[in-house]
Amino acid sequence: MTAPLPSQKAMVPFVSVENMMRLVHHLGIERVLAELTDLIEEDFGRWESFDKTPRVASHSRDGVIELMPTSDGTIYGFKYVNGHPKNTAEGLQTVTAFGLLADVATGYPVLLTEMTLLTALRTAATSAMAARHLAPKGGKVMAMIGNGAQAEFQALAMKAVCGIDTVRLYDIDPRATQKAARNLEGSGLTVIPCTSSQQAIEGAAIVTTCTADKQFATILTDNMVGPGIHINAIGGDCPGKTELHKDILARADCFVEYPPQTWIEGEIQQMDRSYPITELWQVVTGQVPGRRDERQITLFDSVGFAIEDFSALRYLRNQIVGTDFYQELDMIADPDDPRDLFGMLQRAR
Ligand SMILES: NC(=O)c1ccc[n+]([C@@H]2O[C@H](COP(=O)([O-])OP(=O)(O)OC[C@H]3O[C@@H](n4cnc5c(N)ncnc54)[C@H](O)[C@@H]3O)[C@@H](O)[C@H]2O)c1
């Protein structure tokens, strides 16, 4: 007997890495980054309608594996993501991810996708959204400290959304800086490789730190940070893993995604709970001001929150409608008689 054909509900649209790359080239990366920024901002604007929880983390000696769920009551989404700083030394990536959207009404999945590329895009778009509200107006220069997998995405989002025209690169590994400089050739950005973080931040309006190290690192010290800059701290995103000296936090106005998660994972894990923080969604909705004056140091203590992934999944779902940028996966067992799961199995013998 031949196996019964899967029902239409069994089929889940799946975006492979290959199709994600085709889609990004088809749309253009700066367009994707700009549109994602707008969609993330739209979802931050309806923050209170989301089901929220700090991500569920499983820590091990060398890294972390995390699940990041959220729902707006109509659609449910989650991302699986890891963070293993030692991986690059073994020829593996620090961060890999995949994610899923499901219909809340039935619980049936409606999208499965690679999210390693999508995470880099959404992290860059989230940085750009924060900078749009917090960075000094008219700043054209950014420093990018940590030139690994996320770096070029970050630079291009700041160009597309905030009008940055120059990026100053620094990494402890000069090969990473050379790679990023090569990849950004022809992007329209002026690229300046630097030999220290101190040199990289000279004249920068936006300083992005995106390093990977499983420890309390000090990528920036207090004496390096002058007034008026916006710091976008991305790499400190786990307990015991930070990038900034706490004296910088003491001088900065700090903006966060979801405080219950950021207190565990962000730069602010170094501070006591009386340290004032502002939730970014309140800036987006106009309840609280972003940048107030030219001398203020603003800090986006980014750890990555589930709503940003939800926005990215939602963006992708809209973009693939009517295209060939996905395949149908026979993923959900859906017998004609819903109680005859066993019968369906038997008929496939
Ligand atoms: N906040 C978020 O939403 C978010 C999203 C994705 C990744 N991350 C985090 O961002 C970090 C970077 O991710 P990635 O995928 O680019 O990692 P990666 O390993 O590809 O790159 C990290 C780079 O940092 C460099 N580096 C390490 N220590 C440094 C130092 N002291 N000074 C300068 N450079 C240094 C390394 O040489 C490497 O090139 C990771 O810690 C990751 O967990 C955060």
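Is Glu66 buried or exposed? I looked this up before anything else, keeping in mind that I am working from a predicted model. Glu66 comes out buried, with a relative accessible area of 5%.

**Entry 1: the partner of Glu66**

I went looking for what Glu66 pairs with, and found a salt bridge to Arg55, with the closest N and O atoms 3.3 Å apart. Arg55 sits in the loop between α2 and β2 while Glu66 is in strand β3, so the pair ties together parts that are eleven residues apart in sequence. I checked Arg55 for cover too: its relative accessibility is 10%, which counts as buried. The cut-off is under 20%, so both Arg55 and Glu66 fall on the buried side.

**Entry 2: other salt bridges**

I then ran through the whole structure, where the search gives 23 salt bridges. I picked out Asp72 and Arg46, whose side chains meet at 3.2 Å, N to O. This pair joins distant parts of the chain: Asp72 is in the loop between β3 (64–71) and β4 (75–83), and Arg46 is in the loop between α2 (29–44) and β2 (56–59), 26 residues apart. Asp72 is buried at 17% relative accessible area, whereas Arg46 is partly exposed at 28%.

I noted that Asp72 and Arg46 also belong to a network of salt bridges, together with Glu42, Asp43 and Arg314.

Next I looked up Arg251, which forms a salt bridge with Asp222; here the closest N and O atoms are 2.5 Å apart. Again the pair links distant parts of the chain, with Arg251 in helix α7 (residues 246–251) and Asp222 in the loop between β11 (216–220) and β12 (230–233), 29 residues apart. I have both down as partly exposed: Arg251 has a relative accessible area of 40% and Asp222 one of 24%.

**Entry 3: the ligand**

Which residues are closest to the ligand? I counted 25 residues around the ligand, and the closest are Thr94, Gln150, Asp171, Asp237 and Lys241. Sorted by class, that shell holds ten nonpolar, ten polar and five charged residues.

Gln150 puts a polar side-chain atom 2.9 Å from an oxygen atom of the ligand. From the backbone, Thr211 has a polar atom 3.2 Å from a ligand oxygen, and Gly304 has one at 3.4 Å. As for cover, the ligand has 870 Å² of accessible area on its own, and the protein covers 89% of that.

How many of the twelve residues of α4 are buried? Nine are, so I wrote α4 down as mostly covered. The buried ones include Phe153, Leu156, Met158 and Val161, and Glu152 and Gln154 are also among them.

Technical notes: Residues numbered from 1 in each chain as written. Predicted model: local features only at pLDDT ≥ 70, side-chain atom pairs only at ≥ 80, totals over all residues. Heavy atoms only, no water. Near = heavy atom within 4 Å. Polar contact = N/O pair within 3.5 Å; in protein donor to acceptor, adjacent residues only side chain to side chain. Areas by Shrake-Rupley, 256 points an atom, 1.4 Å probe, with all protein chains shown as cover. Nonpolar A, V, L, I, M, F, W, Y, C, P; charged D, E, K, R; others polar. Salt bridge = Lys/Arg side-chain N within 4 Å of Asp/Glu carboxyl O. Helix = DSSP H or I, 4+ residues; strand = E, 2+ residues; numbered from the N terminus. Buried < 20%, exposed > 50% of the residue type's maximum accessible area, 1.4 Å probe, protein only.
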